[in-house]
Amino acid sequence: MLTRLADRLILCPTTHPISAGEKRRVLLDFDHGQFEVWIQTTGQTKEQAHPDLFLLKFPGTGGRAERMSEHPADVWQDLATEVWTVNPPGYGGSGGRASLRHVTAVADAAWKHLSLRANGKPIIATGNSLGCVAAFHLAANHELAGLLVRNPPPLRELIAGRYGWWNFGLSKLIAAQVPESLCSIANASRAKVPAVFVMSGKDRTVPPSYQRRIIDAYRGKQQLMLLRDADHATPIDEGQVPEYLDKLNWLREMLHQHHAAQSGSRSFSADKT
């Protein structure tokens with residue numbers, strides 16, 4: 001019962017039809033059934049046989065893959081990029097019940113299928129809010145080339161601390177139902193891939209003090225983009241866009257270095273097939 005309470009407190013699944021535009025739907029298997037990913041391609045050379053770069057995206061608690069953009073691939077239009085966005089069980093057309101206990105299994109399965117497709121090309125994981133949990137799991141356990149996350153939550157700490165005042169301590173019992181594998185603080189302490197953190201300075205859903213626990217634990221190279229006046233879902237202010245683009249350019253340079261170390265090529269964007 002407490003496990004289901006944790007799921008209901010955190011997850012906001014929807015299953016109604018949503019137009020996915022030109023995205024392509026693919027069903028993937030995992031240990032507890034199937035889930036869907038929606039795939040799109042972007043970039044000036046997107047018709048080439050094999051992309052330069054791959055993105056694996058995880059939406060937030062109420063997000064849907066059908067609605068997700070190709071960002072940050074839209075900033076790197078000279079690269080042919082393939083974007084895979086996950087609808088976990090209980091979301092969209094994915095079967096089963098929405099549950100925190102599926103997060104790592106779904107992330108691992110998506111990684112397995114995408115890494116075979118990428119065949120050594122760089123993979124970036126991106127996450128928004130709850131989607132960051134899956135992204136950190138991958139960064140701690142698989143060979144990513146980079147990470148882009150916004151407003152990452154430390155789930156146990158957030159439930160017990162942020163929501164503990166109103167239920168006479170029940171939130172601590174609910175927080176204990178969150179699987180240890182979803183501890184983003186622990187996963188951050190094991191992750192070494194270059195990462196860009198985007199933090200909303202006035203986030204009322206995941207307050208900055210909670211996000212800082214993950215950022216401070218992160219072992220890899222990192223850049224922090226502080227959206228000074230933003231709440232959890234506030235778009236980036238136009239005045240901060242140049243700074244944000246600088247962070248993304250830094251991440252791209254890290255990808256160049258990763259590809260050079262893996263293949264001996266000077267530039268993955270020039271490595272066409």
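User: First up, is Val196 buried or exposed?

Analyst: Val196 is buried, with a relative accessible area of 0%. Buried means under 20% relative accessible area, exposed is over 50%, and partly exposed is in between (1.4 Å probe, protein chains only). Bear in mind that this is a predicted model, where local features need pLDDT of at least 70, side-chain atom pairs count only at pLDDT 80 or more, and totals for chains, interfaces and linings use all residues. Residues are numbered from 1 along each chain as its sequence is written, and side-chain values use heavy atoms, with hydrogens and water left out.

User: OK. Where does Val196 lie, and what is it in contact with?

Analyst: Val196 lies in strand 7. Helices (H or I, at least four residues) and strands (E, at least two) are DSSP runs, numbered from the N terminus. Leaving aside neighbours within four places in sequence, Val196 contacts Leu147, Leu148, Val149, Gln223, Lys247, Trp250 and Leu251. Contact here means heavy atoms within 4.5 Å. Leu251 is 55 residues away along the chain from Val196, and their C-alpha atoms are separated by 7.1 Å.

User: And Gly201, where is that one?

Analyst: Gly201 is in the loop between strand 7 (195-200) and helix 7 (208-217). At 28% relative accessibility, Gly201 counts as partly exposed. The C-alpha atoms of Gly201 and His232, 31 residues apart along the chain, are 8.6 Å from each other.

User: Switching to the big picture: how many helices and strands does the protein have?

Analyst: Eight helices and eight strands. Of its 273 residues, 53% count as buried. Among contacts with a separation of 6 or more, 73% are between residues 24 or more positions apart.

User: Which residues touch the most other members of the largest nonpolar core?

Analyst: Phe35, Leu100, Phe136, Leu144, Leu147 and Tyr218, out of 53 residues in that core. A nonpolar core is a set of buried Ala, Val, Leu, Ile, Met, Phe, Trp, Tyr and Cys residues joined through side-chain atoms within 4.5 Å. Helix 2 (residues 103-118) gives the largest share of this core, nine residues. Apart from it lies another core, of 20 residues, and Val196 is among them, as are Ala73, Leu79 and Leu255.

User: What does Leu144 touch?

Analyst: Not counting residues up to four places away in sequence, Leu144 touches Trp111, Ile123, Ala125, Ala135, Leu138, Ala139, Val193 and His258.

User: Back to helix 2. Which of its residues are buried, and what covers them?

Analyst: Val103, Thr104, Ala105, Val106, Ala107, Ala109, Ala110, Trp111, Leu114 and Ala118 are the buried ones. The cover includes strand 1 (24-30), strand 2 (33-42), strand 3 (53-58), strand 4 (81-87), strand 5 (123-128) and helix 3 (131-141).

User: How far apart are the end C-alpha atoms of helix 2?

Analyst: They're 22 Å apart, which agrees with the 22 Å that its 16 residues should span at 1.5 Å a residue. The expected span is 1.5 Å times one less than the number of residues.

User: At what angle do helix 2 and helix 3 cross?

Analyst: Roughly 60°, with the axes coming within 9 Å. Axes are lines fitted to C-alpha atoms, for helices over the stretch in contact, and angles run from 0 to 180 degrees between N-to-C directions. The two helices are therefore oblique to each other. Under 35 degrees counts as roughly parallel, over 145 as roughly antiparallel, 65 to 115 as roughly perpendicular and the rest as oblique. Val103, Thr104, Ala107, Asp108 and Trp111 of helix 2 make the contact with Val133, Ala134, His137 and Leu138 of helix 3.

User: How many residues of helix 3 are buried?

Analyst: 10 of the 11, so helix 3 is largely enclosed by the rest of the structure.

User: Where does Asn151 sit?

Analyst: In the loop between strand 6 (146-150) and helix 4 (155-162). Asn151 is buried, at 0% relative accessible area.
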